[in-house]
Amino acid sequence: MIPLKYNIRSLAARRVATLMSIVGIGVVIAVMLSMMALYNGVRKATTTSGSKDAMMVLREGALAEVSSWVNKDAYRIIRALPGIRKDAKGQPLISPEIVIAFKLPKKADPKGANVIVRGVTQNAFALRSKVRLTEGRLFRPDSNELIVARRIRDRFANAGVGDTFKFGPQQWSVVGVFDASGTAFDSEMWGDVNYLGQARKRNAYSSLLVQPVDAAAFESIKAEIKGDNRLKLQVKSEYQYYVEQTNGLLGIVILVFIVTAFMIAAAILATMNTMFNTVSSRKRELATMRALGYKRRTILLAMMMESGFVAFLGGVAGIILALPVNFISTGTINWQTFTETAFNFDVDRNVALLGIILAIVSGIIGGLLPAIGAARLPITQALREI
Amino acid sequence: MKFSKLIVRNLFRNKLRAVLTMLLMAAIFFFVATLLSILENFTMFSEAGAGQNRLAVQSAISLVNMLPLSHEAKIRQIPGLVDVCTLQWFGAYYKEPKNFFANFAVDHKHMRTVFDDYRTSDAEFAAFANDRQGALVGYELMQRFGWKIGDRITLKSTIFPFNPELNIRGVEHHPVDSSSLFFHMDYFEKSMNDFGLVGMFWVKVKDRKDMPAISKQIDDMFRNSEYPTETFTEKEFQLNFLSMMGDVKLLFHAVSLCSIFMLILLAAITMSMSARERITEIAVLKAIGFERGLVLRLMLIEFSLLTLIGGIAGVAGGKLVFRFVNMAQVTQGFLVNFTLYGQSMAICLAASVAVGLLAGGWPAMRAARMSVVDGLRRVV
């Protein structure tokens, strides 16, 4: 076996070329990683938003809360069902919510984008432990006060504590900022459900969130709601609802897959190119090694290792290049709700690991042909080569 | 040019290396051309209604809020209008959620005057107008689902609580938007129990100079009502959608630039290899009287030819791929009528030449500058 030192030394001997291939592969990996980070951010925003044991009640056929209606009679019927967990005061943990979109001007774009405004009661906070107030105070019941997600405050103009804005004839004022640790609620504003309903002349809720006592109660409540012909409602777990919301973000997902596929192809071709160059510039050296008695297999392995190593370094460079995009917050339209969904580029350990693995794999695939070429060199001819 | 043979021979002196470099160029330029074309496709959509003198009136509160039908009569009182047409985004799909496409309820009585760039034969339009459950379908959408005139289809609604059952009565043709479906506003209102609200009013204006004034007049009229409006020109309206997609443009441009930067680095490795290999040869050329400038020019032409061929292969390959791959199907209606567009292809070809010059510049210069004696003595 040829010691790894040989590979490292020969890379060092071709410093400039090696560095260029590392940076070149690094850029490929960095682009790929940023795309994965984007996807990761979208996925995190959707899969961490909902709890698996809370039940979401929507109108039959509605794909999103914005387009769902649950009237107040249905709320009263469901509230009275057995199997719903009770709070400290003995009241059932059920959160009737109204979800409406408001258009707000963005800092970067005065024309603005639609933001979800969620009308809630106290129960909403009990059911969504990830929502924490970080600044200001909660809205008072039956008031025109709103609390705003930190990411919305950062991206939209005029949305900080103390700011006011008008939607139609009503004035709204921001009294607090909350953080929802990367969930979908980070793209929302929350206010009082009754006031929002009156202000927008809606006498139906958009959705109900119900906390059953256990899994058996989940099933029995679900069966009860489905079996009631008056209701015409659908039930799914809150988790499932948010996972399905990813469909509205299809554009981003398609983009991520196209870019990743191309970048993998580019990484393979790039290492292949680099390795062919390295091999052809040291034919004599390789032939000498063969003449000294190293087997073909050994040379093949050494070349593959070298290729894998360069790609590995490229992967590391890619991670370093991709790190600055981490935590950049961006937003895109959810085509199901026409509202803006905010998420972060999220370069976490898994994304980084996947980047390194894909880099090494494409390095090995790309190195295969050049390595075979190196192992098959006709010794006498290669020794004569200048 | 008398040196063309020399250039071509040098270009393919190492066939494998040349082909690999071209392949890498082709892959990346195919990719960059696709990204740029997607942006161009969006812009085309936003400019589809240019010159149509149309204004879109929607709720100032947000796109998903609705306006009362009674606004229509008030808007009609404004002088200088051709016609007003109500339009409701319906957001339904066919059979399965993945078969999503644009579908609207539209006021058929005013559709042809306001949306006169959508063409349907008179006979088909009459059949559509006479059937309250009739539908007009874009020809690309007809192809996508294999529909024929006379078919009865049921759409699954995601926003409104009824599933329209429609008879396809006509095919609609439009230069850009050929995958939308339209059905009767009456049918929508009846099925919604006369709920009296609609998403948008489209206003066609006689003279385009009046558009800003009329748009302001409409918004002023409803400013203090329960349902304030916001009026856009058609282009602004479409651009709003684009801006709602976020910084897609920035993202695509950043990805394209990174890819091209990577190409420059990798091409530079190949080219310095190729230049180093022929130092002796170049010294000989210079010894027999080739000038330094000529040697430099020959090498630069060769290098940029190498990358240009790669670029052409990528762009032409892409054009071919998108002829056979129906992007409307792949992206579930997200990209309609997609192909690589002239502007994106031109940018890519120009960039491919630039990559050759940038990557090859330094190696070529170094090779051309080396003194004859050094070059001849040098053992590579």
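## The contact between chains A and B

In this predicted model, chain A and chain B touch each other: 48 residues of chain A are in contact with 44 residues of chain B. Several elements of chain A each supply at least two residues to the side that touches chain B. They are helix 2 (15-47), strand 3 (94-104), strand 4 (113-120), helix 9 (250-281) and strand 13 (329-334).

Helix 9 of chain A provides the largest share of this side, namely 15 residues. Sorted by class, the side of chain A that touches chain B holds 28 nonpolar, 15 polar and 5 charged residues.

Strand 11 of chain B covers residues 200-205. It is mostly covered, since 5 of its 6 residues are buried.

Two other strands of chain B pair with strand 11. Strand 1 (residues 54-59) of chain B runs antiparallel to strand 11 of chain B, and the pairing comprises 5 bridges. Within strand 11 of chain B, B:Phe201 is the residue that stands opposite B:Val57. Strand 3 (residues 81-89) of chain B is also antiparallel to strand 11 of chain B, and 6 bridges join these two strands. B:Cys85 has B:Trp202, in strand 11 of chain B, as its bridge partner.

## B:Ser157, a buried residue

B:Ser157 belongs to strand 7 of chain B, which spans residues 152-157. This residue counts as buried because 21 C-beta neighbours lie inside 10 Å, and the cut-off for a buried residue is 20 or more.

Leaving aside residues up to four places away in sequence, B:Ser157 touches B:Phe90, B:Ala92, B:Phe162 and B:Asn163, as well as A:Gly61 of chain A. A further pair illustrates how sequence and space can be compared: B:Ser157 and B:Pro97 are 60 residues apart in sequence, while their C-alpha atoms are 9.8 Å apart in space.

B:Ala316 is found in helix 12 of chain B, which spans residues 292-324.

Note on methods:
Residues numbered from 1 in each chain as written. Chains lettered and ligands numbered in written order. Predicted model: local features only at pLDDT ≥ 70, side-chain atom pairs only at ≥ 80, totals over all residues. Helix = DSSP H or I, 4+ residues; strand = E, 2+ residues; numbered from the N terminus. Buried ≥ 20, exposed ≤ 12 C-beta atoms within 10 Å, placed from the backbone. Contact = placed C-beta atoms within 7 Å. Pairing = 2+ DSSP bridges. Nonpolar A, V, L, I, M, F, W, Y, C, P; charged D, E, K, R; others polar.
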